Structure formats: C-alpha cells, structure tokens
Amino acid sequence: MAKSSSQGALVGMFINIICAMAVVYFSDRLGWKKGLTHSLIGWFIVSLGYAVFLG
C-alpha cells in the first residue's frame with residue numbers, strides 16, 4: 001500500500017512540474033488566461049489518462 005501511494009505521489013508531482021512548465025510556455029505565446037486554461041486542460045487529460053489506463 002505504501003509503495004503505491006508514494007509512486008502515485010511521485011507521478012503526481014511530475015505531472016504538476018510539467019503543467020507549470022506548460023503554463024510558462026503557453027502564457028508567453030497566448031497570454032496568461034489562455035495559457036493557464038490550456039495547461040490545466042492538458043493536466044486534466046494526462047491525469048485522467050494515467051488514472052484510467054495505469055491506475
């Protein structure tokens with residue numbers, strides 16, 4: 001149980017780091033509102049995919 005919890009935490013933090021990098025990337029190109037929106041949509045899709053297919 002503890003191993004799967006720590007593995008999930010590591011994957012979650014990795015996804016959060018990628019999302020933060022995406023916010024910076026998209027905000028520079030699209031503005032902060034659209035950049036944040038695109039990044040959160042991407043975060044949701046990746047998280048949902050991980051939960052459904054690997055979780």
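Me: Leaving aside neighbours within four places in sequence, which residues is Ser39 in contact with?
Reply: Ser39 is in contact with Cys19, Ala22, Val23 and Phe26, where contact means heavy atoms within 4.5 Å. This is a predicted model: local features need pLDDT of at least 70, side-chain atom pairs count only at pLDDT 80 or more, and totals for chains, interfaces and linings use all residues. Residues are numbered from 1 along each chain as its sequence is written, and side-chain values use heavy atoms, with hydrogens and water left out.

Me: Is Ser39 buried or exposed?
Reply: Ser39 counts as buried, at 3% relative accessibility. Buried means under 20% relative accessible area, exposed over 50%, and partly exposed in between (1.4 Å probe, protein chains only).

Me: What does the side chain of Ser39 reach?
Reply: It reaches the backbone oxygen of Gly35 at 2.9 Å.

Me: Where is Ser39 found, and which residues of that helix are buried?
Reply: Ser39 is found in helix 2, residues 32–54; helices are DSSP runs (H or I, at least four residues), numbered from the N terminus. The buried residues of helix 2 are Gly35, Ser39 and Ser47.

Me: Changing topic, where is Ile15?
Reply: Ile15 lies in helix 1, residues 2–30, and is buried, with a relative accessible area of 11%.

Me: And which residues is Ile15 in contact with, again leaving aside neighbours within four places in sequence?
Reply: Those are Trp43, Val46 and Ser47. The C-alpha atoms of Ile15 and Ser47 are separated by 7.6 Å, although these residues are 32 apart along the chain.

Notes: Helix = DSSP H or I, 4+ residues; strand = E, 2+ residues; numbered from the N terminus. Polar contact = N/O pair within 3.5 Å; in protein donor to acceptor, adjacent residues only side chain to side chain.
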